[in-house]
Structure formats: structure tokens, C-alpha cells
Amino acid sequence: MTDFKDLILARQSCRKFDPREVDKETLLKLVEAFRLSPSACNAQPWKLILATGETAKIVRQGVQKDGRNKFTDNCPAFAVLVEEPAILKPAIAARFESQAFAQLDIGIATAHYCLMATDLGLSTCILGWMDEEWLKEALGIPKERRIRLVLATGYAAEDDKLREKVRKPLSEMAEFRD
């Protein structure tokens, strides 16, 4: 990419994946982008489960329950984002106990992962619709943990063209105050 805005404009939710595999070295680059993202008190309240091969088939079943996310049929890899406890500095935890830092941190890390994927020529789709309980059991994730997101990851099919971004106008989502 020539600049950051180009990267942002090129990233979109993939709705048609090419079935070719993503090699582990490339997936590790995505994990590293996730790992290096900012986190409140550097708590890093997450665990990533990278699913390829047979495990990707299991994850695919979990995200396609009830007819959802059928476009992931050919998706070769998934990153399952499990929320771990956020261990914050006591002064921060006491003062901001109502702030959901773990979820915020996971959102920021997800953006890093998706933008790195785009930079590497991959495509992603952030999935929040899944059968969480079924996936936790199938993947051996403790019941007390939450799967916050699943990131479908792979190469876009050739005919999955870049779509125009439709967003609210600036006047509806930002204001300047002096």
C-alpha cells in the first residue's frame, strides 16, 4: 500500500473466499500485528486460536449454525478471539471499573489484524454471529470464557470486487467544538 488511507480503503468484509490455503508464516504475521496492538495497562486480555485444516471445518460449522455466514464455505482459516481476564493496575481498575477495557482492546487488536491481512493481500470478515457454546465445546474453550469474534481469513475470490464504502456523512458522525 502506498499510504494508510489506501490500506483503509482496500479493507472490506470478504463475502467470497478462494479456497487456497494461507500458510502459517503469513498467519503468524497477523498474530504479531494483533499482539503488538495497544492494550489498557498492557493487559492483552485475549487468546487467539488459529484454525486451519480440520479445525477450520469445525469453526465453519460453528459460524454457519442456523444458516448464518454461508459465504465462509471456502474460507481456509479462522482466528477465534477468546476474551481472557484483563489484569489492570489496581488504581486503574478501581477508578474505571465500569469501562469494558477487554472488549475495547479486542476491537483495537482486531483492526490491526484485519489491516495487516489487507496489507499482505488477504481478506477478512469479522464474524460476531456464531454458536458460541457449541464452538467452546468443540474447541475445548473453558465455559467461563467468551468467544468475542471469529475472523474469517483467506484470499478473496477473483470475482469478489472491491465495493464502494457507504458511510454516514461526516456531519452525522463528527462535530468540532472550540
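**Salt bridges and nonpolar cores**

The side chains of E132 and R146 form a salt bridge at 2.9 Å, N to O, a term that requires a side-chain nitrogen of Lys or Arg within 4 Å of a carboxyl oxygen of Asp or Glu. Because E132 belongs to helix α6 and R146 to strand β5, the pair ties together parts 14 residues apart in sequence. This is a predicted model, in which local features need pLDDT of at least 70 and side-chain atom pairs count only at pLDDT 80 or more, while totals for chains, interfaces and linings use all residues. Residues are numbered from 1 along each chain as its sequence is written, and side-chain values use heavy atoms, with hydrogens and water left out.

**Salt bridges**
- E132 is buried at 13% relative accessible area, whereas R146, at 38%, is partly exposed (buried means under 20%, exposed over 50%, partly exposed in between, with a 1.4 Å probe and protein chains only).
- E132 and R146 also belong to a salt-bridge network with E133 and K136, and the structure holds eleven salt bridges.
- D159 and K16 meet in a salt bridge at 2.7 Å, N to O, which links distant parts of the chain, 143 residues apart.

**Nonpolar cores**
- The largest nonpolar core has 19 residues, of which V59, V63, F78, V80, I147 and V150 touch the most other members; such a core is a set of buried Ala, Val, Leu, Ile, Met, Phe, Trp, Tyr and Cys residues joined through side-chain atoms within 4.5 Å.
- A second, separate core of 18 residues includes L30, A77, A109 and L151.

Definitions and conventions. Helix = DSSP H or I, 4+ residues; strand = E, 2+ residues; numbered from the N terminus.
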